[in-house]
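Biologist: Could you take me through a few side-chain pairs in this model? I have it open here and would like to go pair by pair.

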Amino acid sequence: AEKEIDSILKTWVRFFSIDIGWINEFNKIIVRYAKYFKLLKFFLGHTDCVNSVQFSSDGSKIVSSSDDKTIRMWNIFRGHLDWVYDAQFSPDSSKIVLSSVDNTIRLWDINSRQSIRVLQGHTRSVTKTQFSPDGNMTVSSSMDNTIRLWDTLGDELKKLEGHSSLVTDVQFSPDGQTIVSSSNDSIVIVWDVKSGERLCQLLGHSDIVSKAQFSPDGRYVVSCSHDKTIKIWSVASGKELKQLEGHSDLVNDVQYLPNGQIIVSCSWDGTIRFWDVKSSQEIQNLEGHTGCVTGVDVSPDGGIIGSSSYDHKIGLWG
C-alpha cells in the first residue's frame with residue numbers, strides 16, 4: 001500500500017505542483033479518497049473480440065458480450081459461471097436484456113434462463129439496451145437512427161428521433177427522468193423521458209461519439225469520441241465544461257466512479273485511464289491488455305473496474 005500511495009503522490013505532485021511541505025496532510029487525503037488500481041485477474045473463454053462488460057447490482061457477477069456471438073456471465077470470485085447470447089443486467093440483477101443484430105431485444109429471466117419477452121420495432125441492429133433505474137422501462141438505441149422506450153410487457157412507449165446517423169449508445173439519468181444518447185453524427189442529445197422531447201444538444205466533438213454517461217448526481221454528462229477526446233458537459237446549460245486529452249487513439253468508453261470525482265476511460269490505444277474531474281488531469285494509466293480496450297464498467301462500490309478487449313480477455317482491476 002505504501003508503494004501505491006507513493007506512486008499516486010508522485011503523479012499528483014507532478015501534475016498539480018503541490019507544495020512538498022504539505023505532503024503529510026496530502027498523504028492522509030490520498031489514503032482516504034484515492035485508490036491505486038492494479039490487475040487482479042483476466043477471464044478467458046471468449047474466442048473473439050470482447051465488446052463490453054457490466055457488473056451486476058451487487059457486484060458479484062459480470063456479463064460480457066463478444067464477436068464470438070456469445071454473452072457470458074461470470075462470477076468474479078469463482079470464474080466462469082455460464083453463458084448466454086447477449087445481455088445487460090436489470091437493477092435487481094434478476095433479469096438480463098439482450099440486444100441483437102437481428103433487430104430485436106429480448107428479456108431473459110436469470111434463474112430460469114428462459115426468454116420472457118421479445119421487443120420488436122427497430123428496423124436495424126440494436127446497439128444498446130438499458131433498464132431504467134426502477135426497472136419499469138427499457139431504452140434502446142439502434143443503427144436505424146432511433147431511440148425507443150419500452151414497458152416491461154414489451155410494448156413500445158415512444159420513438160425518439162433526432163440523430164442523423166446510427167445511435168451508438170443510450171443511458172438513463174440516475175433519477176430516470178432524462179436520457180442521454182450518442183451517435184455517429186458526432187452529437188450528444190439529452191432527452192426528456194416523459195415528453196420524448198430534446199432538452200439540449202451537446203455540440204463539440206469532431207468525430208463519432210462512442211458513449212455518453214450521466215454523472216452520479218445527474219448534473220453532468222461525460223462523453224468520449226473517435227476524435228480521441230473526453231468531454232464533460234453541463235446538463236443545465238448544454239455547454240462544454242472540460243476536455244480531457246491523453247489517449248493516442250479513439251476513445252471507446254467512459255464512466256464516472258460513484259464519488260463523481262474520478263472518470264475512467266478506455267481506448268483503442270490499449271490503455272485504461274483515470275482522470276481527476278476537478279483538475280482535468282490524468283492520474284493513472286493501466287496497461288495489460290494486448291489489444292484495444294473496447295469497454296469498461298465500475299463495480300457499485302467503485303472498488304473494481306472491469307474491462308473488455310480485442311485480445312478476447314476480460315480484465316478485473318482493483
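Biologist: Lys211 and Asp253, are they buried or exposed?

Modeller: Both Lys211 and Asp253 are buried, where buried means under 20% relative accessible area, exposed over 50%, and partly exposed in between, with a 1.4 Å probe and protein chains only. This is a predicted model, in which local features need pLDDT of at least 70 and side-chain atom pairs count only at pLDDT 80 or more, while totals for chains, interfaces and linings use all residues. Residues are numbered from 1 along each chain as its sequence is written, and side-chain values use heavy atoms, with hydrogens and water left out.

Biologist: What do the side chains of Lys211 and Asp253 meet in?

Modeller: They meet in a salt bridge of 3.7 Å, N to O, the term standing for a side-chain nitrogen of Lys or Arg within 4 Å of a carboxyl oxygen of Asp or Glu. Lys211 lies in strand β18 and Asp253 in strand β22 (residues 251-256), so the pair ties together parts that are 42 residues apart in sequence; strands here are DSSP runs (E, at least two residues), numbered from the N terminus.

Biologist: How many salt bridges does a search of the whole structure find?

Modeller: The search finds 7. Among them, Glu240 and Lys231 pair through their side chains at 3.2 Å, N to O, with Glu240 partly exposed at 35% relative accessible area and Lys231 buried at 3%.

Biologist: Which residues are linked in a network of salt bridges?

Modeller: Asp144, Arg148 and Glu156 are linked in that way, and within this group the side chains of Glu156 and Arg148 meet at 3.1 Å, N to O. Arg148 counts as buried because its relative accessibility is 6%, whereas Glu156, at 35%, counts as partly exposed.

Biologist: Changing topic, where is His205 found?

Modeller: His205 sits in the loop between β17 (198-202) and β18 (209-214), and it counts as buried because its relative accessibility is 8%.

Biologist: And what does His205 touch?

Modeller: Leaving aside residues up to four places away in sequence, His205 touches Ser186, Ser223, Cys224, Ser225, Asp227, Thr229, Lys231 and Trp233, contact meaning heavy atoms within 4.5 Å.

Biologist: Which side chain makes a polar contact of 3.0 Å with the side chain of His205?

Modeller: That is the side chain of Asp227, and a polar contact of 3.5 Å joins the side chains of His205 and Thr229. A polar contact is a pair of N or O atoms within 3.5 Å, where within protein one must be able to donate a hydrogen and the other to accept it, and residues adjacent in sequence count only if both atoms are side-chain atoms.

How values were computed:
Helix = DSSP H or I, 4+ residues; strand = E, 2+ residues; numbered from the N terminus.
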